[in-house]
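Reader: I'm new to reading protein structures. Could you walk me through one, question by question?

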Amino acid sequence: MEATVLVLSGLLLLLAGQRACAAPGAGFSVEFIHRDSPRSPFHDPALSPHGRVLAAARRSLHGQVPGGLAPAADSGGVESKIISRSFEYLIAVNVGTPPTQMLAIADTGSDLVWVDCRNGSGAPAAAGGVVFEPSSSSTYDVVGCQSDACQGLNQASCDADSNCQYQYAYGDGSRTVGVLSTETFSFADGGGGGSAPQVRVPHVDFGCSTYMAGNCRADGLVGLGGGAFSLVSQLGSATPFGRRFSYCLMPSYAANSSTLNFGSRAVVSEPGAATTPLVPGEVAAYYTVALESVAVGGRTVASRSSAIIVDSGTTLTFLDPALLRPLVAELGRRINLTRAHPPEQLLEVCYDVSGRAQEEWGVPDVALRFGGGGGDVTLRPENTFVLVQEGTLCLALVPVSESQPVAILGNVAQQNFHVGYDLDARTVTFAPADCARSSPSASS
């Protein structure tokens with residue numbers, strides 16, 4: 001039986017062919033594969049592990065521009081602002097009846113779910129890309145422009161057939177134009193092994209994209225953000241799983257896949273869990289929290305409330321310079337290593353660790369204190385530094401800038417944490433975890 005693949009903010013979800021609808025349960029889990037994993041179709045075997053780290057850093061530094069919206073001359077649709085990012089994880093999904101297997105970007109920074117429905121228009125599809133054909137599905141329907149769903153999509157416009165037309169533009173110039181539609185999406189419970197039951201979700205509002213332009217190379221995008229159109233929001237209204245999800249990200253060098261959880265499996269209850277409330281942000285889809293202070297080796301070095309987005313689709317962590325400068329200075333006082341020249345001038349703070357084992361690096365822990373009094377999130381050395389070439393260790397924390405003005409907690413900082421998002425409680429929870437143990441591929 002073939003598998004379906006969809007890209008979710010850099011993670012890949014493998015789904016078995018559709019079976020009977022799963023009985024309502026407490027939750028389900030799916031496989032989350034990094035774009036650079038050998039299990040990903042975007043894997044470049046020519047890159048070394050260090051080369052993949054550098055490539056991810058480039059994507060973070062050059063692909064992270066908040067959505068600047070330029071009007072599109074060839075479409076009458078209304079544009080909606082969403083974050084622009086390079087994707088880092090993928091998810092697979094079955095769309096329609098019978099199911100079409102598609103590969104889509106998974107994005108915790110946007111809410112619209114959309115798939116490629118083009119008929120030869122727009123940019124060429126990715127190699128091996130799949131186009132969804134609405135006329136081949138018995139469960140497909142369009143959304144009328146006077147419907148509540150259409151009215152809630154940023155004043156979306158009516159086309160000549162009174163269908164709801166949308167246009168989403170990204171800061172890098174990429175965009176998708178299409179018709180808001182409904183369809184049945186199905187997911188395999190990755191926690192159930194080879195005989196995993198299918199979880200079918202009917203009437204998912206999604207964009208049937210008839211025009212795509214720019215850098216999107218997947219079959220679509222699954223928004224996991226906090227907005228009403230995201231997959232997690234729609235799962236909460238159409239299933240017993242509630243509006244919550246979590247993931248446990250494997251270290252970037254690991255071969256096993258990470259996990260994406262929904263429902264009760266998304267509850268973060270491990271020892272040392274720290275919960276912080278979501279705060280209003282620039283865009284409703286963002287998961288924005290308040291970073292109050294940072295500490296190095298148990299010593300608080302900076303206290304300044306700063307809004308920061310928690311995002312799995314960004315590799316590096318971007319911090320307010322008022323927090324980052326004293327943090328870097330304290331690390332410099334505590335790390336007894338020779339400074340190294342950074343490759344490609346991508347990352348500014350690098351050290352020479354040639355011939356040294358990791359336990360000899362002497363890198364202290366960094367603690368982040370978020371708002372709400374829920375406790376500290378302690379980052380280990382592997383959460384704050386990355387090996388960018390043999391013998392060169394660089395800080396994966398960089399300042400926000402004019403080109404990247406938004407503070408972001410990236411996925412290196414989140415590795416080996418169980419991170420849970422609860423849209424109803426309006427919280428994000430972090431707990432230290434051995435993500436290799438929770439990986440669905442660890443036991444396969």
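Predicted model: local features only at pLDDT ≥ 70, side-chain atom pairs only at ≥ 80, totals over all residues.

Reader: Where is D107, and is D107 buried or exposed?

Author: For the place, look at strand 6, which runs over residues 100-107. For the second part, the cut-off for buried is under 20% relative accessible area. D107 has 2% relative accessibility, so D107 counts as buried.

Reader: With which side chain does the side chain of D107 make a polar contact?

Author: A polar contact needs N or O atoms within 3.5 Å. The side chain of D107 has such a partner at 2.9 Å, and that partner is the side chain of S110.

Reader: What about D311: where is D311 found, and which backbone nitrogen lies 3.1 Å from a polar atom of its side chain?

Author: D311 sits in the loop between strand 18 (299-310) and strand 19 (317-319). D311 also counts as buried, because its relative accessibility is 1%. The backbone nitrogen 3.1 Å from a polar atom of the D311 side chain belongs to G313.

Reader: On to the disulfides. How many does a search of the whole structure find?

Author: Let's count the bonded cysteines along the chain and see who pairs with whom. The pattern reads 1-6, 2-4, 3-5, 7-10, 8-9. The search of the whole structure gives a total of 5 disulfides.

Reader: Is the disulfide of C145 and C158 right-handed or left-handed?

Author: The S to S distance in this disulfide is 2.2 Å. C145 is in the loop between strand 8 (141-142) and helix 2 (148-151), while C158 is in strand 9 (residues 157-158), 13 residues apart. The torsion about the S-S bond is about 100°, so this disulfide is right-handed.

Reader: Are C145 and C158 buried, exposed or partly exposed?

Author: Here the two partners need separate answers. C145 has a relative accessible area of 5%, so C145 is buried. C158 has 40% relative accessibility, which means C158 counts as partly exposed.

Reader: How many residues apart in sequence are the parts that C248 and C435 tie together?

Author: The sulfur atoms of C248 and C435 are 2.1 Å apart and form a disulfide. Its torsion is about -85°, so this disulfide is left-handed. C248 lies in strand 14 (residues 244-248) and C435 in helix 7 (residues 435-438), so the parts tied together are apart in sequence by 187 residues.

Reader: And C350 and C394: in which strands do they lie, and are they buried or exposed?

Author: These two form a disulfide with sulfur atoms 1.9 Å apart. C350 lies in strand 21 (residues 350-352) and C394 in strand 25 (residues 392-395), so the pair ties together parts 44 residues apart in sequence. With a relative accessible area of 0% for C350 and 1% for C394, each of them is buried.

Note on methods. Residues numbered from 1 in each chain as written. Heavy atoms only, no water. Helix = DSSP H or I, 4+ residues; strand = E, 2+ residues; numbered from the N terminus. Buried < 20%, exposed > 50% of the residue type's maximum accessible area, 1.4 Å probe, protein only. Polar contact = N/O pair within 3.5 Å; in protein donor to acceptor, adjacent residues only side chain to side chain. Disulfide = S-S within 2.5 Å.
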